[in-house]
Amino acid sequence: MNWGGRYEKAISECGMMRCVLSVLLVVLLGARASAEMAGAALYNEANAFYRAGKYAEAVEQYEAVLRQGVRNGHVYYNLGNAYFKAGQIGRAILAYERALRLMPGDEDVAANLRFVNAMKVDREPEGEENVVVRFFRRVYRALSANGLAVFCSICLFCLAGAGAGWLFSPRRRMLWVSLLVLLGVGFFGAGALMTFKVHDREGVERAVILSEEVVGRSGPGKDYLQVFTLHEGTRVTIEREEGGWLLVRLSNGIGGWVPVEGMERI
């Protein structure tokens with residue numbers, strides 16, 4: 001049996017496989033680096049157009065960056081600014097909404113979104129909220145699902161440590177019990193918030209009206225009764241789709257069917 005020859009052949013094949021994998025890795029990394037450089041160049045060009053007051057050109061370049069596969073909150077924020085300067089309120093709101101999903105705690109994005117929302121025709125009613133409700137709403141909006149996941153992981157790790165302390169340090173069990181209760185409340189509270197935010201982001205579809213005016217009807221077709229009229233920039237919640245029509249619901253609870261082409265999903 002020529003075991004030595006087979007061993008040398010196996011070693012040779014492994015070496016060739018490593019070479020092939022190394023070449024593929026270099027090609028992939030090179031392609032990714034080239035795409036990132038191209039995206040950065042487009043982004044810088046868009047910023048230059050914006051500073052020069054050429055807002056239509058800036059919009060075109062920011063959109064080109066996004067077509068490269070980039071999903072960055074700052075790009076959407078700048079795109080929203082360019083759309084607003086170009087007089088396209090609906091698309092500005094859409095871009096700000098997308099930026100806010102990626103950067104939930106960013107005050108500049110939230111402030112610009114509030115400002116543009118105040119300029120649209122269909123203004124959402126502002127309920128009277130006390131200071132406490134406004135505070136918790138602001139905290140909730142500032143928290144991200146990823147940040148809450150990290151906090152839950154830290155709490156879980158600390159819970160394990162406090163549990164070990166409770167087992168092996170009986171003289172300080174009251175301290176460990178207090179820590180276990182405190183960490184448990186933090187873990188379950190953050191977990192509940194994270195679940196709600198993930199469901200709100202992934203399980204609830206929302207869209208922004210981009211047409212100047214869209215008629216909502218009682219059924220999926222132009223022959224149905226008109227229920228309401230929506231204007232550019234209005235945000236709606238999508239419930240289902242049927243034959244090129246979407247059943248949407250407004251913030252006040254009123255629902256109706258609108259054509260798909262009149263809006264875009266956030």
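Let me begin with Cys-158, which at 33% relative accessibility counts as partly exposed. On the cut-offs: buried is under 20% relative accessible area, exposed is over 50%, and partly exposed lies in between, with a 1.4 Å probe and protein chains only. Before going on, the conventions. This is a predicted model, where local features need pLDDT of at least 70 and side-chain atom pairs count only at pLDDT 80 or more, while totals for chains, interfaces and linings use all residues. Residues are numbered from 1 along each chain as its sequence is written, and side-chain values use heavy atoms, with hydrogens and water left out.

How many disulfides are there? Taking a disulfide as a pair of cysteine sulfur atoms within 2.5 Å, the count is zero. Cys-155 is in no disulfide, and its nearest cysteine sulfur, on Cys-152, is 6.5 Å away. Cys-158 is in none either; there the nearest cysteine sulfur belongs to Cys-155, at 6.6 Å. Cys-155 is buried, at 4% relative accessibility.

Now the overall picture. The protein has eight helices and seven strands. These are DSSP runs numbered from the N terminus, with helices being H or I of at least four residues and strands being E of at least two. Of the 266 residues, 30% are buried. The protein exposes about 17,300 Å², and carbon and sulfur atoms supply 60% of that. Areas come from the Shrake-Rupley method with a 1.4 Å probe; for residues, only the protein chains shown count as cover. For contacts, meaning heavy atoms within 4.5 Å, take the pairs of residues at least 6 apart in sequence: 54% of those contacts join residues at least 24 apart.

Next, the surface. Which residues form the nonpolar patch? They are Trp-166, Leu-167, Phe-168, Val-177, Val-181 and Val-185, together giving about 620 Å² of accessible area. Patch members have over 30% relative accessible area and no salt bridge; like charges are joined within 9 Å, and nonpolar side chains (Val, Leu, Ile, Met, Phe, Trp, Tyr) within 5 Å. A salt bridge here is a side-chain nitrogen of Lys or Arg within 4 Å of a carboxyl oxygen of Asp or Glu. Helix 7 (145-168) and helix 8 (173-203) each supply at least two residues of the patch. Trp-166 sits in helix 7 and is partly exposed, at 33% relative accessible area.

On to Arg-71, in the loop between helix 2 (55-67) and helix 3 (73-85). Arg-71 is exposed, with a relative accessible area of 53%. Leaving aside residues up to four places away in sequence, Arg-71 touches Leu-66, Tyr-76 and Leu-102. Its side chain reaches the backbone oxygen of Leu-66 at 3.1 Å and makes a polar contact with the side chain of Tyr-76 at 3.5 Å. A polar contact is a pair of N or O atoms within 3.5 Å; within protein, one must be able to donate a hydrogen and the other to accept it, and residues adjacent in sequence count only if both atoms are side-chain atoms. Arg-71 and Ala-99 are 28 residues apart in sequence, with 9.1 Å between their C-alpha atoms.

Glu-97, in helix 4 (residues 89-102), is buried at 10% relative accessible area. Beyond four places in sequence, Glu-97 touches Leu-113, Arg-235 and Ile-266. Gln-61, in helix 2, is buried at 13%.
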